[in-house]
Amino acid sequence: MRRLLTLLIAAVALLGAPALAAPPSGAPKTETAVFAGGCFWCMEHDMGGISGVLKVESGYTGGHVKNPTYRDVTSERSGHYEAVRVTYDPAKLDYGFLLYRYWKLVDPTDDGGQFCDRGPSYRPALFVTPAQRPIAEKSRADAAKRLRTGTMKAQILPLQTFYPAEEYHRDYAKRNAANYNAYRLGCGRDARLKQVWGG
């Protein structure tokens with residue numbers, strides 16, 4: 001009897017019975033993209049408002065220290081950028097359009113930081129997979145033609161480990177709206193974006 005049961009199980013497995021082998025198919029397909037654009041509070045807030053974006057996480061990438069802290073990154077000794085990891089629905093939003101929206105949220109002419117936040121950790125950059133690179137390069141070239149002032153300096157870099165930021169940085173604009181709005185206004189982000197992109 002045991003041998004017959006073993007043979008039946010093996011036969012079902014060879015036939016590829018979906019009840020035994022298929023993973024659940026209800027989960028929607030998602031893709032991710034990593035962007036640096038100065039203050040990750042602002043990037044998280046602005047990218048989260050794009051239709052088709054499912055989740056935006058603040059964090060750090062591009063450096064040489066494992067598990068960096070905010071203090072490590074802002075010391076400018078870890079090599080990391082403040083960045084966001086964007087999870088999106090590719091059925092509603094493609095990577096090229098996400099890049100188009102990204103450019104309007106940063107000053108890619110400034111490689112010394114962004115707005116009032118200065119230093120290497122605040123530089124604008126795209127962190128890409130090999131498949132994303134040609135799309136990113138074309139997008140950067142197109143964005144350079146639309147600049148109202150300055151020249152394109154934002155880099156395209158290979159995707160590296162993304163380390164989520166500490167809990168108190170996540171959803172900062174939602175949880176601390178008054179402080180966030182005061183910071184954003186005082187930093188001059190929106191005024192500078194109008195100079196760079198117009199409108």
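The side chains of Ser139 and Trp103 are joined by a polar contact of 2.8 Å. The model examined here is predicted.

Q: Where does Ser139 lie, and what does Ser139 touch?
A: You will find Ser139 in helix H6, residues 133–146. Leaving aside residues up to four places away in sequence, Ser139 touches Leu99, Tyr100 and Trp103.

Q: How do you know whether Ser139 is buried or exposed?
A: The relative accessible area of Ser139 is 11%. Buried means under 20%, so Ser139 counts as buried.

Q: How many aromatic pairs does a search of the whole structure find, and what makes Tyr81 and Phe127 one of them?
A: The search finds eight aromatic pairs. Tyr81 and Phe127 stand 5.2 Å apart, centre to centre, and rings pair if their centres lie within 6.5 Å. Their planes make an angle of 80°; over 60 degrees counts as edge-to-face, so that is the name for this pair.

Q: What does the pair of Tyr81 and Phe127 tie together?
A: Tyr81 belongs to strand E3 (residues 81–88) and Phe127 to strand E6 (residues 124–128), so the pair ties together parts that are 46 residues apart in sequence. Tyr81 has a relative accessible area of 5% and Phe127 one of 0%; with the cut-off for buried at under 20%, both residues are buried.

Q: Why is the pair of Tyr102 and Trp103 called edge-to-face?
A: The ring centres of Tyr102 and Trp103 are 5.0 Å apart and the planes stand at 65°. That angle is over 60 degrees, so the pair is edge-to-face. Both residues are buried, and ring pairs link Phe35, Tyr102 and Trp103 into a cluster.

Q: What is the volume of the largest pocket, and which residues are closest to its centre?
A: The volume of the largest pocket is about 330 Å³. Of its 16 lining residues, Glu44, Lys55, Val56, Asp171 and Lys174 are the closest to the centre.

Q: Which element gives the most to the lining of the largest pocket, and how do the lining residues divide?
A: Strand E2 (53–61) gives the most, with six residues. Helix H3 (40–48) and helix H7 (172–175) each supply at least two. The lining divides into six nonpolar, four polar and six charged residues.

Terms used:
Residues numbered from 1 in each chain as written. Predicted model: local features only at pLDDT ≥ 70, side-chain atom pairs only at ≥ 80, totals over all residues. Heavy atoms only, no water. Helix = DSSP H or I, 4+ residues; strand = E, 2+ residues; numbered from the N terminus. Buried < 20%, exposed > 50% of the residue type's maximum accessible area, 1.4 Å probe, protein only. Polar contact = N/O pair within 3.5 Å; in protein donor to acceptor, adjacent residues only side chain to side chain. Contact = heavy atoms within 4.5 Å. Phe/Tyr/Trp six-rings, centres within 6.5 Å; stacked < 30°, edge-to-face > 60°. 1 Å grid on protein atoms, 1.4 Å probe; cavity = no way out; pocket = protein on both sides within 12 Å on 5 of 7 lines; lining within 4 Å. Points joined across faces, edges and corners; volume = space filled by probe spheres on them. Nonpolar A, V, L, I, M, F, W, Y, C, P; charged D, E, K, R; others polar.
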